[in-house]
Amino acid sequence: MKYAAKRIAMLLVTMVIVSLLAFVAFDLISGDPATAMLGTAATPEKVAALRAELGLDRPLLVRYGEWLVGFFTGNLGISYSYGQPVWELISSKVLVTLVLSLMSFVLIVAVSIPLGLRSAVGGGKLEGVRDGVRTVINQLCMAVPPFFTGILLSWLFGTVLHWFIHGQFPGFAHDPLGSLGYLLFAAISLAIPRIAMTTRMLRGTIREELQKDYVRTAISRGNDRKGVLRRHVLKNSLVVTVTFLAQTMAEIVAGSIVVEQVFAIPGLGRMLVASISSRDYPTVQAIVVILAFWVVLAGTVADLINQRIDPRLRLGGRPV
Amino acid sequence: MKRKQRNGYLLAGGILAGFLAAVILLGLFWTPYDPAAMSVGPKLAGPSLLHPMGTDNFGRDILSRVMQGAGTTCTIALATVAIGAVAGTLIGALTGYFGGLVDEVLMRVGDALTAFPSILLALVVISLLGPGKKYNVVVALGLVFIPSFARVTRTAFASLRDVNYVKSARLMGASPWRILVVHMLPNTTSVLLPALTIGFNNAVLAEASMSFLGIGVTPPDASLGYMLSEAQSMLTTAPWYAVATGGTIVLLVFSVGLLGEGLQRRDKGVA
């Protein structure tokens with residue numbers, strides 16, 4: 001419990017630091033939003049009035065504090081390009097990206113764990129050949145960028161087979177099943193390279209664990225291989241795996257930015273790209289902070305799971 | 001048996017990467033047609049002898065465009081890796097060798113940064129620097145890659161710190177600089193070389209993603225990522241365009257990936 005409390009406190013501190021950095025960076029770079037919003041109609045008086053109205057004439061830290069409070073109460077400021085509250089623009093998109101990421105994550109876990117286990121335990125006469133084939137397929141899958149897979153999938157299933165209409169995301173409120181189906185193709189293209197990486201990581205970790213003295217001892221004392229694998233090796237490989245999967249979750253969220261663009265999915269990533277191009281800083285800032293929180297949260301959850309698995313971590317030690 | 005197998009990855013990767021490098025280098029000086037010239041052939045023609053990868057909707061030769069685009073992508077990737085590797089190795093070497101508080105702090109910051117996906121960080125840096133400029137892509141990605149290189153080299157240098165030959169060099173009065181560069185650096189190549197190949201691949205994929213999104217390289221410069229976004233819009237009329245550009249990215253990353261695999265296996269000595 002003490003550990004969990006400490007870890008959650010750390011999470012909050014990290015979130016504050018991350019959001020402060022984002023706030024300061026975008027504040028420095030975005031110049032004067034009042035001038036930008038008024039455009040050619042800007043006169044010094046009008047700019048000053050708008051600045052006062054937006055609260056820009058007050059110190060940075062005060063504005064950060066307000067922004068942070070606003071962040072948790074759903075008040076993220078006004079978008080420069082739409083003139084609408086940022087929260088209204090992005091609230092519906094958070095769910096889409098969340099579902100897409102989770103689908104992809106489930107795919108990765110469901111496919112790569114059995115694959116990784118099988119390839120790690122494998123042996124026998126043709127192991128050399130199989131290892132070669134596996135490595136080549138693995139490298140090939142890692143080389144395929146999700147947006148290329150996405151283009152091919154959307155061409156095959158959208159244009160040729162008409163399983164979905166590219167660019168017409170039904171929306172969860174309207175057609176939940178259809179929406180999931182639409183997202184599935186994006187989730188697959190996102191998952192392929194990560195499945196290759198996860199399988200490879202699992203294989204490496206388990207193989208390394210199998211070389212350790214305790215495994216040899218256990219087997220030489222008459223335990224059967226499968227039992228040793230299940231009781232000891234897998235348990236000891238779990239910490240590394242959980243950490244890796246947290247990193248994977250972060251990478252999926254980043255990857256969804258690109259894949260949403262390919263499939264024209266109205267999610268956070270697509271919004272982020274659009275607002276970077278139009279220099280809509282309040283929106284960029286809000287999305288960046290949401291995605292960053294997501295990443296930090298995944299890391300924290302992984303740490304909390306790991307300290308359940310490995311008691312050494314609870315006592316402040318490091319995994320061996 | 002084992003020996004032959006180990007070299008297989010290096011050999012296959014080397015041949016493939018060498019071939020691609022030759023074509024890309026050639027593309028810097030000569031392409032079959034002017035990559036930007038319109039109507040050098042019929043519009044939207046499939047692959048043929050005159051246009052091995054077909055033409056696009058402006059009648060531009062796709063092979064010429066791919067050659068040029070791959071050149072841009074590789075140049076950016078190489079520049080990015082150069083920034084990341086040089087700065088990262090420098091930081092990693094110094095902190096790994098000297099240790100202390102600076103090491104502790106820098107590694108914590110590095111850990112925090114590497115927890116974030118590189119594309120996300122690069123997007124933030126790009127949006128701060130201004131989207132759509134070639135040099136900003138290089139700067140953004142280069143900066144983002146520094147921590148991972150620093151981390152890898154730091155571990156290697158820290159593990160060599162108390163090795164006997166380093167100790168004796170120190171006893172003989174060699175300067176830290178000489179110890180780092182002459183004695184330690186050559187012994188970290190087993191870690192550095194695979195890290196370089198991985199970094200190159202990450203850079204190619206990251207650049208392609210950002211240009212695909214329209215915030216990396218933008219016209220008149222063409223990179224593979226930007227071309228793929230062009231190709232997506234003519235997917236129904238000229239699917240070969242997407243296959244040619246996407247396939248080039250895959251081949252490029254695959255060949256360098258094989259090289260990295262070969263390097264790693266050679267150095268570990270295990271298959």
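Mentor: An axis is a line fitted to C-alpha atoms, for helices over the stretch in contact, and an angle runs from 0 to 180 degrees between N-to-C directions. Helices (H or I, at least four residues) and strands (E, at least two) are DSSP runs, numbered from the N terminus. What you see is a predicted model, in which local features need pLDDT of at least 70 and side-chain atom pairs count only at pLDDT 80 or more, while totals for chains, interfaces and linings use all residues. Residues are numbered from 1 along each chain as its sequence is written, and chains are lettered from A and ligands numbered from 1 in the order in which they are written.

Trainee: What makes helix 4 of chain B oblique to helix 8 of chain B?

Mentor: Helix 4 (residues 118-129) of chain B and helix 8 (residues 189-212) of chain B pack at an angle of about 55 degrees, with their axes 11 Å apart. Angles under 35 degrees count as roughly parallel, over 145 as roughly antiparallel, 65 to 115 as roughly perpendicular and the rest as oblique, so this pair is oblique. The contact, which requires C-beta atoms, placed from the backbone, to lie within 7 Å, joins B:Ser118, B:Ile119, B:Ala122 and B:Ile126 of helix 4 of chain B to B:Asn202, B:Ala206, B:Ser209 and B:Met210 of helix 8 of chain B.

Trainee: How are the residues of that contact classed?

Mentor: They divide into five nonpolar, three polar and no charged residues, where Ala, Val, Leu, Ile, Met, Phe, Trp, Tyr, Cys and Pro count as nonpolar, Asp, Glu, Lys and Arg as charged, and the others, Gly among them, as polar.

Trainee: What makes A:Asp224 count as exposed?

Mentor: A residue is buried if 20 or more other C-beta atoms, placed from the backbone, lie within 10 Å of its own, exposed if 12 or fewer, and partly exposed in between. A:Asp224 has 10 C-beta neighbours inside 10 Å and therefore counts as exposed. A:Asp224 sits in the loop between helix 9 (213-220) and helix 10 of chain A, and its C-alpha atom is separated by 45 Å from that of A:Val259, 35 residues apart along the chain.

Trainee: Why is helix 9 of chain A described as hardly covered?

Mentor: Among its eight residues, the count of buried ones is zero. Helix 9 of chain A is followed by A:Gly222, whose phi is positive, near 100 degrees.

Trainee: How do the whole chains look by these criteria?

Mentor: Chain A has 13 helices and zero strands, and buried residues make up 36% of its 320 residues. Chain B has ten helices and zero strands, and 50% of its 271 residues count as buried.

Trainee: What does the side of chain A that touches chain B consist of?

Mentor: In the model, 32 residues of chain A are in contact with 35 residues of chain B. Helix 1 (2-29), helix 6 (127-143), helix 7, helix 10, helix 11 (268-277) and helix 12 (281-309) of chain A each give two or more residues, with the largest share, eight residues, coming from helix 6 of chain A. By class, this side has 22 nonpolar, eight polar and two charged residues.

Trainee: How confident is the predictor in chain B?

Mentor: pLDDT is the predictor's confidence in each residue, from 0 to 100; chain B averages 82, and 94% of the residues score at least 70. Over residues 1-5 of chain B the pLDDT is below 50, and beyond near neighbours in sequence this stretch has four contacts in the model. Where pLDDT is low, the predicted coordinates should not be read in detail. For the complex, the predictor gives an ipTM of 0.82 and a pTM of 0.84.

Key:
Two residues are in contact if their C-beta atoms, placed from the backbone, lie within 7 Å.
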